[in-house]
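Hi everyone, thanks for coming along.

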Amino acid sequence: QVQLEESGGGSVQAGGSLRLSCVASGRFASIPTMAWFRQAPGNQRELVAAMVSGGASNYADSVRDRFHISRDNAKNTVYLQMNSLKPEDTAIYYCKIDIRERAFTASTRSYWGQGTQVTVSS
């Protein structure tokens, strides 16, 4: 069983910063991909940023140059540094990881965190 524990959400004024963390625990061989999604009321869940184990990353256009994703593979942790926050960044942020349960296999399984609220006031 794999569990994800998120932390770091909260309320901040526009222009402020927050750092989200997500720690994975359980039994698995590796975590090929770690990502952050968000969902605002009335909107679909959308990808914010993702990073593969080798370090390559991609971002939604709306957060590029303001947010930075990083991961500590030794700690099975992914971070999202959010700077220059805007009211439109208000949402519940979810981490998502794709794990490889056994080494030398291609198949992966996805797990989601419980979500953490980020509120940005103008």
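**A first look at the fold**

Let me start with how the chain meets itself: among contacts in the protein with a separation of 6 or more, 56% are between residues 24 or more positions apart. Please keep in mind that this is a predicted model.

What is the protein built from? It has 11 strands and 0 helices. Reading from the N terminus, the elements go β-β-β-β-β-β-β-β-β-β-β.

Now for the overall dimensions. Along the principal axes, the C-alpha atoms fill a box of roughly 50 × 25 × 25 Å. The radius of gyration is 14 Å, which agrees with a compact globule, because a globule of 122 residues would come out near 14 Å.

As for burial, 42% of the 122 residues count as buried. On the charge side, there are 13 positive and 10 negative side chains, with the centres of the two sets 6 Å apart.

Let's finish by zooming in on one residue, D98. You'll find D98 in strand β9, which covers residues 91-100. Is D98 buried or exposed? D98 counts as buried, because its relative accessibility is 15% and the cut-off for buried is under 20%.

And who are its partners? The side chain of D98 makes a polar contact of 3.0 Å with the side chain of K96. Leaving aside residues up to four places away in sequence, D98 also touches S30, I31, P32 and T33, along with T108, R109 and S110.

Methods: Residues numbered from 1 in each chain as written. Predicted model: local features only at pLDDT ≥ 70, side-chain atom pairs only at ≥ 80, totals over all residues. Heavy atoms only, no water. Helix = DSSP H or I, 4+ residues; strand = E, 2+ residues; numbered from the N terminus. Buried < 20%, exposed > 50% of the residue type's maximum accessible area, 1.4 Å probe, protein only. Polar contact = N/O pair within 3.5 Å; in protein donor to acceptor, adjacent residues only side chain to side chain. Contact = heavy atoms within 4.5 Å. Rg over C-alpha atoms; globule rule 2.2 N^0.38 Å. Lys, Arg positive; Asp, Glu negative; His and termini not counted. Charge placed at Lys NZ, Arg CZ, Asp CG, Glu CD.
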